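Biologist: I have a model to read, and I am new to this. Can we go through it feature by feature?

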Amino acid sequence: MYNTGTFNLSGGEISKVVASFYGGGVYNGGKFAFSAGTITLNNGYFGGGVFNEKDDCTYTGGTVSNNTAKQGAGLYFSNQTTTLSGMTIRGNNSTNTGGGI
């Protein structure tokens, strides 16, 4: 999923996506709200599950699991306002830094 506007994920699954560089499951260059659902089994160089480049991100539920990346396997953040609460981050694997975040 490539987002430069507003993206609300409130259910469903994003899985088995491979990106050669940023954001296997989700590349966010806009506003992203994640309240339910699963982001799993994705791969990217930065941010296997989610790569957040700018603007506001809010995570209030859902699961980010079993993603892989060189850096930030589950979630990768790049200098923006982010809120994390009530979500599960587990089983993500980084070959360099930031397995979960």
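Biologist: What share of the contacts between residues at least 6 apart in sequence join residues at least 24 apart?

Modeller: A contact here means heavy atoms within 4.5 Å. This is a predicted model. Of the contacts in the chain between residues at least 6 apart in sequence, 77% join residues at least 24 apart.

Biologist: How many helices and strands are in the chain?

Modeller: Count the runs along the sequence. The chain has 13 strands and zero helices. Its pattern is β-β-β-β-β-β-β-β-β-β-β-β-β. The radius of gyration is 11 Å, close to the 13 Å that the globule rule gives for 101 residues, so the chain is as compact as a globular protein of that length.

Biologist: What does the C-alpha trace span along its principal axes?

Modeller: The trace spans about 30 × 20 × 20 Å.

Biologist: Next, burial and surface. What percentage of the 101 residues is buried?

Modeller: Buried means under 20% relative accessible area. In this chain, buried residues make up 44% of the 101 residues. The chain exposes about 4800 Å². Carbon and sulfur atoms supply 45% of that area.

Biologist: Which residues have the most contacts inside the largest nonpolar core?

Modeller: That core has 13 residues. Those with the most contacts inside it are Leu-9, Val-26, Phe-32, Phe-34, Ile-39, Val-50 and Tyr-59. Strands β2 (6–15), β4 (31–40) and β7 (57–59) each supply at least two residues of this core.

Biologist: Let me pick one. What does Phe-34 touch, leaving out residues up to four places away in sequence?

Modeller: Phe-34 touches Leu-9, Ile-39 and Tyr-59, among others. The list also includes Thr-58, Val-64 and Met-87.

Biologist: Now backbone angles. Which value does phi of Leu-41 take, positive or negative?

Modeller: Phi of Leu-41 is near 60°, a positive value in a residue other than glycine. Leu-41 is in the loop between β4 and β5 (43–46). Leu-41 is partly exposed, with a relative accessible area of 43%.

Biologist: Where does Asn-66 lie?

Modeller: Asn-66 lies in the loop between β8 (63–65) and β9 (68–71). Phi of Asn-66 is near 55°, again positive in a residue other than glycine. At 40% relative accessibility, Asn-66 counts as partly exposed.

Key. Residues numbered from 1 in each chain as written. Predicted model: local features only at pLDDT ≥ 70, side-chain atom pairs only at ≥ 80, totals over all residues. Heavy atoms only, no water. Helix = DSSP H or I, 4+ residues; strand = E, 2+ residues; numbered from the N terminus. Rg over C-alpha atoms; globule rule 2.2 N^0.38 Å. Buried < 20%, exposed > 50% of the residue type's maximum accessible area, 1.4 Å probe, protein only. Areas by Shrake-Rupley, 256 points an atom, 1.4 Å probe, with all protein chains shown as cover. Core = buried A, V, L, I, M, F, W, Y, C linked by side-chain atoms within 4.5 Å.
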